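Good morning. I will walk through one structure and keep to what can be read from its atoms.

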Amino acid sequence: MGRKRIETQVKWQIVAYYKLNYHPNQIASLCNCSRGCVVNTIRNWKENGGVGDKSRSGRPRVSTEKEDKTLFKLARNNPRWSVRKLTGEWRTYQSSKSSIGRSTVNRRLLDFQLESYNETEKQLLSKEDKKKRLKWCLERKNWTFEKWSSVLFSDESNFQLVNRKTTARVRRFKNEKYESRFIKQRVQAGGGSVGIWGAITSNGTGVCQVYSGRMDQYLYIDTLENAMLPSRDLLIDDHSNWIYQQDYVLWHST
């Protein structure tokens, strides 16, 4: 069993009995506590002038502020390193001989608000691709709702049904989800075994087409004839003034 906690009021009673020249054994019996508690309370009162508990330092930190900053830099420069890898690397920078565990590393990183997340998967974009997309947006930023209503948007996606690749984890801040160095980039339509093409306008969704394998120019021509044109007929009233918007991948223009 742990030691019984003595209330402050009782400690002052111990001091009062001591001033009246009561023996510690008598005080212990009157205050319903141990003789050791009486002796310690009187010693504390003599040394500090009070009966409050001394402040406790707790377990000393096993790393310095400078070493913590080193860990932060390691995690930021290598966001895909595991805690095991970070722990091993961080130990080489430590001046003390204390054993650093993975739980300590986790706590330090959480103190810096660096948490572990699944890697975000996004389409691989070159600098030129990004420039084209920004240019496309700027050219259309003043379009009206009626203008956008005449646009038929389309896209296709591939889905891998077996042998899925595992997702890596990265260490980052909460608001860095879509920063390029924390993203697992993929090429469009790569590695899929089943695909689906679809189209939308402001009036709703169009006809979708499911296909096997990867999209190519021949399959895309078939999709335009059997899915895109029926979608246009279904969703757009004015066939003389409409826009077909696609993402300009290779087989869309081959």
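A disulfide here is a pair of cysteine sulfur atoms within 2.5 Å. A search of the whole structure finds zero disulfides. Cysteine 33 is buried, with a relative accessible area of 13%. Cysteine 137 counts as partly exposed, at 44% relative accessibility. On those words, buried means under 20% relative accessible area, exposed means over 50%, and partly exposed is in between, with a 1.4 Å probe and protein chains only.

Before going on, some ground rules. This is a predicted model, in which local features need pLDDT of at least 70 and side-chain atom pairs count only at pLDDT 80 or more, while totals for chains, interfaces and linings use all residues. Residues are numbered from 1 along each chain as its sequence is written, and side-chain values use heavy atoms, with hydrogens and water left out.

How confident is the predictor in the protein chain, by average pLDDT? The average is 83, and 86% of the residues score at least 70. The pLDDT is the predictor's confidence in each residue, from 0 to 100. Confidence in the protein chain is lowest in helix α10, residues 250–253, at a mean of 65. It is highest in strand β7, residues 204–205, at 93.

Now the overall make-up. The protein chain has ten helices and nine strands. These are DSSP runs numbered from the N terminus: helices are H or I with at least four residues, strands are E with at least two. Of the 254 residues in the protein chain, 30% count as buried. Contact means heavy atoms within 4.5 Å. Among contacts in the protein chain between residues at least 6 apart in sequence, 66% join residues at least 24 apart.

Next, two helix pairs. Helix α1, residues 8–19, packs on helix α3, residues 35–48, at an angle of about 85°, with the axes 9 Å apart. Axes are lines fitted to C-alpha atoms, for helices over the stretch in contact, and angles run from 0 to 180 degrees between N-to-C directions. The two helices, α1 and α3, are therefore roughly perpendicular to each other. Angles of 65 to 115 degrees count as roughly perpendicular, under 35 as roughly parallel, over 145 as roughly antiparallel, and the rest as oblique. On the α1 side, the contact is made by Lys11, Trp12, Ile14, Val15, Tyr18 and Lys19; on the α3 side, by Val38, Thr41, Ile42, Trp45 and Lys46. The residues of this contact of α1 with α3 divide into seven nonpolar, one polar and three charged. For that division, Ala, Val, Leu, Ile, Met, Phe, Trp, Tyr, Cys and Pro count as nonpolar, Asp, Glu, Lys and Arg as charged, and the others, Gly among them, as polar.

The second pair is helix α5, residues 83–91, and helix α6, residues 102–111, whose axes come within 9 Å and cross at roughly 95°. That makes α5 roughly perpendicular to α6. Val83, Arg84, Leu86, Thr87 and Trp90 in α5 meet Arg102, Thr104, Val105, Asn106, Arg108 and Leu109 in α6. The contact of α5 with α6 divides into five nonpolar, three polar and three charged residues.

Now two asparagines. Asparagine 21 is not a glycine, yet has a positive phi of about 70°. Its place is in the loop between α1 and α2, the latter being residues 24–31. Asparagine 21 counts as exposed, at 70% relative accessibility. Asparagine 32 also has a positive phi, of about 55°, although it is not a glycine. Asparagine 32 lies in the loop between α2 and α3, and at 58% relative accessibility counts as exposed. As background, most residues other than glycine have a negative phi.

Last, two residues and their neighbours. Phenylalanine 173 lies in the loop between β4 (169–172) and β5 (183–186), and counts as partly exposed at 22% relative accessibility. Leaving out residues up to four places away in sequence, phenylalanine 173 touches Phe72, Arg76, Phe112, Gln113, Leu114 and Tyr117. Serine 157 lies in strand β3, residues 151–159.
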